[in-house]
Amino acid sequence: MSLTVLTSAYRLRSLCRLQRIQAHMMSSHAEPEVLLEKVGRTGVITMNRPKVLNALNLTMIRQIYPQLKKWESDNETDIVIIKGAGDKAFCAGGDIRAVTEAGKVGDSLAQDFFREEYILNNAIGSYRKPYIALIDGITMGGGVGLSVHGLFRVATEKTLFAMPETAIGLFPDVGGGYFLPRLQGKLGLFLALTGFRLKGRDVQRAGVATHFVESKKIPDLQKELVDLKSPSAEDVSRVLDSYQSQSSLDAEKPFILKKHLSDIDRLFSASSVEGIVKNLKTDGSEFAKKQTETLSKMSPTSLKITLKQLQAGAALSLQDVLVMEYRLSQACMRGCDFYEGVRAVLVDKDQNPKWNPSTLEEVSNQMVEQCFSSLGEKDLTL
């Protein structure tokens, strides 16, 4: 069979898969995928896809964004609360399987999803009213983008935070280039490159969450927030502080990375990924060996893009970071590692991606630089 026929067949299969996914996304669900409610003078957003851990899709983004803007200018709305349905997740990330299927066949979803998601992230980051994310469960990738840029982020013992994108040939987007380099020392870079998972109170200790409240107290906390009369950010903060002071669970446990923080700062201070790997190998401690092993499984291209993203993002505004990240998202859609990573981790689940290039040394500075190039009139505008 000729290569042309094979390629056409592959594209047709991808197109059919994409159409099935989109038809499913657009179908009339018994349950809406996102609930937008007004409770008193509070706007409440609930991601309502508990069976898929409240994964964020374009339909949801297109419902949340206009409602957020409406509440922001509405004199009858004082604060906004965002949360996830079910007892497992706030939001486990973006619905990237649909995005990869779109990218394979040149469908516009591959641009629209990232563009509109980042516009929503920016709206949250610049919101003029108190925005409270109740991250009571799994919070990764796109879920981090819906929470971390808001004024208040409330973690519980059920919170599981990670930016695992380098394992699927992507990079920690949704403004990761802004918030990660602003965490203490090199902690953000460590989390970005390794995808290390933080749980419970550690999410607050790392600086990702602003507060820690026990999960069983969240319904009462929400009621008290809703009952506030014309609250300022300080009023909201006082309520959250009060609930945090009543939450002693795991308070005596030290931060899981506490004993490694000085090592992270030292080992991850190199100016290149090769330099970081060399530091880790030279160090030879159990912790360093584990990180070496983790990094060896990640996309070499993703690792190099991510380091440069965080180096640049440390000095940029959130808006400028999102413009940069949109360029990176489209570079990933043009490449091959994102498709291979999603295949290996989410589709076939063999956890054995074949990265191309397969080594750090083969990823040239020029290849990395190209990913950051302007898209001209196709650049993200905020």
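I began with helices α2 and α4: Leu-58, Ile-61, Arg-62, Ile-64, Tyr-65, Leu-68 and Lys-69 of α2 are in contact with Leu-109, Asp-112, Phe-113, Glu-116, Glu-117, Ile-119, Leu-120, Ala-123 and Ile-124 of α4. Contact here means heavy atoms within 4.5 Å. I sorted these contact residues into eleven nonpolar, no polar and five charged. The classes are Ala, Val, Leu, Ile, Met, Phe, Trp, Tyr, Cys and Pro as nonpolar, Asp, Glu, Lys and Arg as charged, and the others, Gly among them, as polar.

The model is a predicted one, in which local features need pLDDT of at least 70 and side-chain atom pairs count only at pLDDT 80 or more, while totals for chains, interfaces and linings use all residues. Residues are numbered from 1 along each chain as its sequence is written, and side-chain values use heavy atoms, with hydrogens and water left out.

**Entry: geometry of α2 and α4**

I looked up the angle between α2 (residues 58-73) and α4 (residues 109-125), which is about 30°, and the axes are 10 Å apart. That makes α2 roughly parallel to α4. The angle classes are under 35 degrees for roughly parallel, over 145 for roughly antiparallel, 65 to 115 for roughly perpendicular, and oblique for the rest. Axes are lines fitted to C-alpha atoms, for helices over the stretch in contact, and angles run from 0 to 180 degrees between N-to-C directions. Helices (H or I, at least four residues) and strands (E, at least two) are DSSP runs numbered from the N terminus. I noted a left-handed crossing for α2 and α4. Left-handed means that the near helix is turned anticlockwise from the far one by less than a right angle, and right-handed means clockwise.

**Entry: α14 and α15**

I then took α14 (residues 300-313) and α15 (residues 318-334), which pack at about 165° with axes 10 Å apart. The two helices are therefore roughly antiparallel. Their crossing is right-handed. On the α14 side I listed Ile-305, Gln-309, Ala-312 and Gly-313, and on the α15 side Val-321, Met-324, Glu-325 and Leu-328. This contact divides into five nonpolar residues, two polar and one charged.

**Entry: Val-99**

I found Val-99 in helix α3 (residues 96-105). Is Val-99 buried or exposed? Its relative accessibility is 0%, so Val-99 counts as buried. The cut-offs are under 20% relative accessible area for buried, over 50% for exposed, and partly exposed in between, with a 1.4 Å probe and protein chains only. Leaving out residues up to four places away in sequence, Val-99 touches Leu-109, Ala-110, Phe-113, Phe-114, Met-333 and Phe-338.

**Entry: the six-stranded sheet**

I traced an open sheet of six strands with mixed pairing, in the order β1-β2-β3-β5-β7-β10. At its edges stand β1 (34-39) and β10 (211-212), each with a single partner strand, so one side of each has no neighbour in the sheet. Two strands pair if DSSP finds at least two bridges between them. Strands β2 (residues 42-47) and β3 run parallel and are joined by six bridges. I checked two positions: Thr-42 has Ile-79 of β3 as its bridge partner, and Ile-45 stands opposite Ile-82 in β3. Five of the six residues of β3 (residues 79-84) are buried. Helix α9 (residues 218-227) lies across β1, β2, β3, β5 (131-135) and β7 (152-155), and runs at about 160° to β3.

**Entry: the four-stranded sheet**

I also traced an open sheet of four strands, β4-β6-β8-β9, again with mixed pairing. The edge strands β4 (89-91) and β9 (198-199) each pair on one side only. Strand β8 (residues 160-162) is antiparallel to β9 over two bridges, and Phe-161 stands opposite Leu-198 in β9.

Most residues other than glycine have a negative phi, and most peptide bonds are trans. I noted these exceptions.

- Leu-53, in the loop between β2 and α2, has a positive phi near 55°. Leu-53 is partly exposed, with a relative accessible area of 28%.
- Lys-349, in the loop between α16 and α17, has a positive phi near 60°. Lys-349 is exposed, with a relative accessible area of 56%.
- Asn-356 and Pro-357 are joined by a cis peptide bond, with omega about 0°. Pro-357 sits in the loop between α16 (337-347) and α17 (365-371).
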